[in-house]
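Open the model in your viewer and keep the sequence panel beside it. We will go from the whole chain to single residues.

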Amino acid sequence: FYYRNAVSGARGVYANKDIDSNHILVAIPFESLFTTATASLGDDLKSFDLREEDILAISLLYEKNLGAESKWFGHINILPGSFHNILYFSLADMDALQGSNLYVLGKTLRNQI
(Lines give C-alpha, C1' and ligand atoms only; values in the text may rest on other atoms or scores of the structure.)
Protein backbone atom coordinates (compact mmCIF):
# COMPACT_ATOMS: atom_id res chain seq x y z
CA PHE A 1 0.00 0.00 0.00
CA TYR A 2 1.05 3.55 -0.50
CA TYR A 3 -0.29 6.97 0.40
CA ARG A 4 -0.49 9.96 -1.91
CA ASN A 5 -2.04 13.37 -2.27
CA ALA A 6 -3.92 13.77 -5.52
CA VAL A 7 -3.72 16.94 -7.61
CA SER A 8 -7.35 17.65 -6.65
CA GLY A 9 -6.35 17.85 -2.99
CA ALA A 10 -7.90 14.47 -2.22
CA ARG A 11 -5.77 11.93 -0.45
CA GLY A 12 -5.97 8.24 0.13
CA VAL A 13 -4.35 4.86 0.41
CA TYR A 14 -3.91 2.88 -2.78
CA ALA A 15 -3.17 -0.80 -3.34
CA ASN A 16 -0.17 -1.55 -5.54
CA LYS A 17 -1.15 -5.23 -5.96
CA ASP A 18 -4.34 -7.30 -6.04
CA ILE A 19 -6.04 -7.86 -2.69
CA ASP A 20 -7.53 -11.25 -1.88
CA SER A 21 -11.24 -11.27 -1.04
CA ASN A 22 -12.00 -11.44 2.68
CA HIS A 23 -8.56 -9.98 3.46
CA ILE A 24 -8.69 -7.56 6.38
CA LEU A 25 -7.10 -4.31 5.28
CA VAL A 26 -7.69 -2.23 8.40
CA ALA A 27 -8.93 -3.12 11.87
CA ILE A 28 -10.14 -0.26 14.03
CA PRO A 29 -10.96 -0.86 17.69
CA PHE A 30 -14.57 -0.03 18.57
CA GLU A 31 -13.40 2.41 21.25
CA SER A 32 -11.72 4.45 18.52
CA LEU A 33 -15.02 5.11 16.74
CA PHE A 34 -17.11 8.17 17.60
CA THR A 35 -20.49 6.59 18.29
CA THR A 36 -23.31 7.13 20.77
CA ALA A 37 -21.69 4.38 22.84
CA THR A 38 -18.25 6.04 22.97
CA ALA A 39 -19.22 9.74 23.05
CA SER A 40 -18.98 11.39 26.48
CA LEU A 41 -22.59 12.58 26.38
CA GLY A 42 -23.98 9.50 24.65
CA ASP A 43 -25.55 7.89 27.72
CA ASP A 44 -26.80 11.20 29.14
CA LEU A 45 -28.54 12.15 25.89
CA LYS A 46 -30.17 8.75 25.35
CA SER A 47 -32.75 9.63 27.99
CA PHE A 48 -34.10 12.30 25.61
CA ASP A 49 -36.14 11.48 22.56
CA LEU A 50 -33.32 12.19 20.10
CA ARG A 51 -32.20 10.51 16.91
CA GLU A 52 -28.73 8.96 16.88
CA GLU A 53 -27.54 11.68 14.48
CA ASP A 54 -28.68 14.37 16.91
CA ILE A 55 -26.90 12.70 19.83
CA LEU A 56 -23.71 12.54 17.78
CA ALA A 57 -24.02 16.17 16.63
CA ILE A 58 -24.55 17.46 20.18
CA SER A 59 -21.73 15.26 21.46
CA LEU A 60 -19.42 16.52 18.73
CA LEU A 61 -20.17 20.14 19.64
CA TYR A 62 -19.53 19.34 23.30
CA GLU A 63 -16.23 17.61 22.52
CA LYS A 64 -15.15 20.45 20.22
CA ASN A 65 -15.84 22.91 23.02
CA LEU A 66 -13.56 20.92 25.35
CA GLY A 67 -10.64 21.59 23.02
CA ALA A 68 -7.41 19.78 23.91
CA GLU A 69 -9.12 18.24 26.97
CA SER A 70 -11.28 16.09 24.69
CA LYS A 71 -10.35 12.49 23.97
CA TRP A 72 -11.38 13.25 20.39
CA PHE A 73 -9.33 16.46 20.00
CA GLY A 74 -6.97 15.03 17.38
CA HIS A 75 -9.85 13.82 15.25
CA ILE A 76 -11.99 16.94 15.64
CA ASN A 77 -9.03 19.20 14.91
CA ILE A 78 -8.68 17.82 11.37
CA LEU A 79 -12.36 18.00 10.40
CA PRO A 80 -13.03 20.34 7.46
CA GLY A 81 -14.16 23.86 8.30
CA SER A 82 -16.46 24.13 5.31
CA PHE A 83 -18.48 21.84 3.11
CA HIS A 84 -18.97 21.80 -0.63
CA ASN A 85 -22.09 19.86 -1.50
CA ILE A 86 -25.55 20.47 -2.88
CA LEU A 87 -26.97 21.56 0.49
CA TYR A 88 -24.70 24.60 0.50
CA PHE A 89 -25.22 25.71 -3.11
CA SER A 90 -26.59 29.22 -3.60
CA LEU A 91 -30.10 29.53 -5.03
CA ALA A 92 -28.61 30.77 -8.30
CA ASP A 93 -26.35 27.70 -8.53
CA MET A 94 -29.31 25.46 -7.72
CA ASP A 95 -31.41 27.10 -10.44
CA ALA A 96 -28.62 26.44 -12.95
CA LEU A 97 -29.15 22.72 -12.31
CA GLN A 98 -32.85 22.75 -13.26
CA GLY A 99 -33.79 19.77 -15.38
CA SER A 100 -31.23 17.48 -13.79
CA ASN A 101 -31.54 14.73 -11.21
CA LEU A 102 -29.12 16.67 -9.02
CA TYR A 103 -31.55 19.59 -8.93
CA VAL A 104 -34.39 17.31 -7.77
CA LEU A 105 -32.15 15.72 -5.14
CA GLY A 106 -30.92 19.10 -3.91
CA LYS A 107 -34.45 20.48 -3.61
CA THR A 108 -35.60 17.36 -1.78
CA LEU A 109 -32.72 17.54 0.70
CA ARG A 110 -33.21 21.28 1.30
CA ASN A 111 -36.90 20.72 2.02
CA GLN A 112 -36.01 18.13 4.65
CA ILE A 113 -33.99 20.55 6.75
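**Whole chain**

Show the cartoon first. This is a predicted model. Follow the chain along its sequence and the order is β-β-α-α-α-α-α. The chain is more spread out than a compact globule, because its radius of gyration is 19 Å, well over the 13 Å that the globule rule gives for 113 residues.

Now switch to the C-alpha trace. Along its principal axes, the trace spans about 50 × 45 × 30 Å.

Which share of the contacts between residues at least 6 apart in sequence joins residues at least 24 apart? The share is 14%.

**Surface and charge**

The accessible area of the chain is about 9,400 Å². Carbon and sulfur atoms account for 55% of that area. Buried residues make up 17% of the 113 residues.

Next, colour by charge. The chain carries 9 positive and 13 negative charges.

**The salt bridge**

How many salt bridges does a search of the whole structure find? It finds 1. Side chains of opposite charge can pair when their charged atoms come close.

Are the two partners buried or exposed? D54 is partly exposed, with a relative accessible area of 26%. R51 is exposed, at 54%; the value counts as exposed because the limit is over 50%.

**The loop residue N22**

Move to N22. This residue sits in the loop between β2 (11–14) and α1 (42–45). Check its backbone: N22 has a positive phi of about 65°, although it is not a glycine. N22 is also exposed, with a relative accessible area of 79%.

**Helix α2 and K64**

Now select helix α2, residues 52–66, and pick out K64 within it. K64 counts as exposed, at 56% relative accessibility.

Finish with a distance. Pick the C-alpha atoms of K64 and G81. The two residues are 17 residues apart along the chain. Their C-alpha atoms are separated by 12 Å.

Notes
Residues are numbered from 1 along each chain as its sequence is written. This is a predicted model: local features need pLDDT of at least 70, side-chain atom pairs count only at pLDDT 80 or more; totals for chains, interfaces and linings use all residues. Side-chain values use heavy atoms; hydrogens and water are left out. A salt bridge is a side-chain nitrogen of Lys or Arg within 4 Å of a carboxyl oxygen of Asp or Glu. Buried means under 20% relative accessible area, exposed over 50%, partly exposed in between (1.4 Å probe, protein chains only). Helices (H or I, at least four residues) and strands (E, at least two) are DSSP runs, numbered from the N terminus. The radius of gyration is taken over C-alpha atoms; the globule rule is 2.2 Å times the number of residues to the power 0.38. Contact means heavy atoms within 4.5 Å. Accessible areas come from the Shrake-Rupley method with a 1.4 Å probe; for residues, only the protein chains shown count as cover. Lys and Arg count as positive and Asp and Glu as negative; His and the chain ends are not counted. The place of a charge is taken as NZ of Lys, CZ of Arg, CG of Asp or CD of Glu.
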